[in-house]
Amino acid sequence: MSVHKEVKKVTTHQLQEMKRRGEKISMLTAYDYTMAKIIDHAGIDVILVGDSASNVMAGHETTLPITLDQMIYHASSVIRAIDRALVVVDLPFGSYQGNSKKALESAVQIMKESGAHAVKMEGGREIKDSIERILSAGIPVMGHLGLTPQSIYKFGTYTVRAKEEEEAQRLLEDAKLLEDFGCFALVLEKIPASLAEQTAKSISIPVIGIGAGGGVDGQVLVTHDMLGMTHEFSPRFLRRYLNLYESMSGAFQQYIKDVKSRDFPNDTEQY
Ligand code: KIV
């Protein structure tokens, strides 16, 4: 007799309980079925279908070119793999800024067509109407402040944000606003650790950091970076758990050699 163990799914409410208990939240990106399955089975709390797919999967220089339909394709592939994790999908550039009706339509399309559990949006007070309209439809929203890559042409560089008092103050205010609007969690990217900790302590929703130090409620990394599949950059905050670029490259070279030398396939590898 097989005993089917019911998997308890992660919910937005549970993440808030984790913050209350002081239990750290783990989050990683995924854009496809196979990777999402491995990550989910490893026990991750949240999977982010990030618009970093624009860089990692499509080779664009920025996150700006990825479309809503492309995000939905990635999100649907991830959703098919998931037993436990909460799946959050980035609303891509141009799908929510400056037009709350369009924002709601974009979020609804993601939820309907991919089966995702929540959306993430970059920005604070300037996207208030869009966030509130999406929340009013019952769609959970994760905020994102600090280095927001969709605004890269405004910032000019990918350097640490909010080092100056004025920007730090604005970030603190925006974090509070996002909590007041009803966002269930917040990502803080590449800001001083002390400011991130202060933010996490000043609001009750979970704060998940990337390059924001250890004083927040959880951590997120881009999976391809932490696996060492990408190797073009090495920001200080990135811990590489594997060097898959080298391992994969070695395997590919060996395969090429084996094919050329007629070593592959051998007698046991054919019918
Ligand atoms: O798109 C993404 O991968 C992200 C993370 C860096 C937080 O937004």
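## Residue classes

Ala, Val, Leu, Ile, Met, Phe, Trp, Tyr, Cys and Pro count as nonpolar, Asp, Glu, Lys and Arg as charged, and the others, Gly among them, as polar. These classes are used below for a predicted model.

## The ligand

Around the ligand stand Thr29, Leu48, Gly50, Asp51, Ser52, Asp90, Lys120, His144, Glu189, Ile210 and Val222. By class, this shell holds three nonpolar, four polar and four charged residues.

## The largest pocket

The ligand takes up the space of the largest pocket, whose volume is about 720 Å³. The lining has 30 residues, and Asn55, Glu189, Val222, Asp225 and Phe233 are the closest to the centre. Two or more lining residues come from each of strand S1 (25–29), helix H3 (53–56), strand S4 (118–122), strand S6 (185–189) and strand S8 (218–221). In the lining, 14 residues are nonpolar, seven polar and nine charged.

## The second largest pocket

The second largest pocket holds about 380 Å³ of space. It is lined by 20 residues, of which Gly123, Glu126, Thr148, Lys154 and Phe155 are the closest to its centre. By class, the lining has six nonpolar, seven polar and seven charged residues.

Strand S5 (141–146), helix H7 (152–155) and helix H8 (165–181) each give at least two residues to this lining. H8 supplies the largest share, four residues.

Conventions: Residues numbered from 1 in each chain as written. Predicted model: local features only at pLDDT ≥ 70, side-chain atom pairs only at ≥ 80, totals over all residues. Heavy atoms only, no water. Near = heavy atom within 4 Å. 1 Å grid on protein atoms, 1.4 Å probe; cavity = no way out; pocket = protein on both sides within 12 Å on 5 of 7 lines; lining within 4 Å. Sits in = over half its atoms within 2 Å of the grid points. Points joined across faces, edges and corners; volume = space filled by probe spheres on them.
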